[in-house]
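Visitor: I am new to this structure. Please take one part and look at it closely with me.

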Amino acid sequence: MIGYSMGGRRALADAGRFRKAVIVSAGLNAPDHERRMRDEEWARRFESEEWPLLMRTWSAQPVFGGHEVPRREEDFDRAELARQLRAWSPAVLPPPRL
């Protein structure tokens, strides 16, 4: 299993299922109000914002280094993307047990 960011959290949640894992995820023990508010803002944008603008601003985040990956709206369920942001935000999950 290889997990990065949210995938890292998923890997930790299912760690007993794998013989080996590589997990890369920063700030796992830092739930905070600011992060929760930021993730909620993104969730709302996924629910309502025009897709091309949303993808430009999403890709412009420092974590992506401005690399824009073409993503077609019809390939995604916007409500599910918003739900995932709300459910898997590090700010709402308990710290992982290592």
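Guide: Helices here are DSSP runs of H or I with at least four residues, and strands are runs of E with at least two, numbered from the N terminus. This is a predicted model, where local features need pLDDT of at least 70, side-chain atom pairs count only at pLDDT 80 or more, and totals for chains, interfaces and linings use all residues. Residues are numbered from 1 along each chain as its sequence is written, and side-chain values use heavy atoms, leaving out hydrogens and water.

The chain has four helices and two strands. Their order from the N terminus is β-α-β-α-α-α. Our part is helix α2, residues 33-48. Its 16 residues should span 22 Å at 1.5 Å a residue, and the end C-alpha atoms lie 23 Å apart, which agrees. The expected span is 1.5 Å times one less than the number of residues.

Look inward. Buried means under 20% relative accessible area, exposed means over 50%, and partly exposed lies in between (1.4 Å probe, protein chains only). In α2 the buried residues are Asp39, Glu40, Trp42, Ala43, Arg45 and Phe46. They pack against α3 (51-59) and α4 (78-88). Contact here means heavy atoms within 4.5 Å.

Now the rings. Rings of Phe, Tyr and Trp (its six-membered ring) pair if their centres lie within 6.5 Å; planes under 30 degrees apart are stacked, over 60 edge-to-face, the rest tilted. The whole structure has four aromatic pairs. In one of them, the centres of Phe46 and Trp58 are 5.3 Å apart and the planes stand at 80°, so the pair is edge-to-face. Phe46 is in α2 and Trp58 in α3, 12 residues apart. Both are buried.

Next, the charges. A salt bridge puts a side-chain nitrogen of Lys or Arg within 4 Å of a carboxyl oxygen of Asp or Glu. Arg38 makes one with Glu34, with the closest N and O atoms 3.2 Å apart. The two sit four residues apart in α2, so about one helical turn separates them. Arg38 is partly exposed at 38% relative accessibility; Glu34 is exposed at 57%. Glu40 bridges to Arg44, with the closest N and O atoms 3.1 Å apart. Glu40 is buried at 14%, while Arg44 is exposed at 53%. This pair, too, lies in α2, four residues apart, about one turn.
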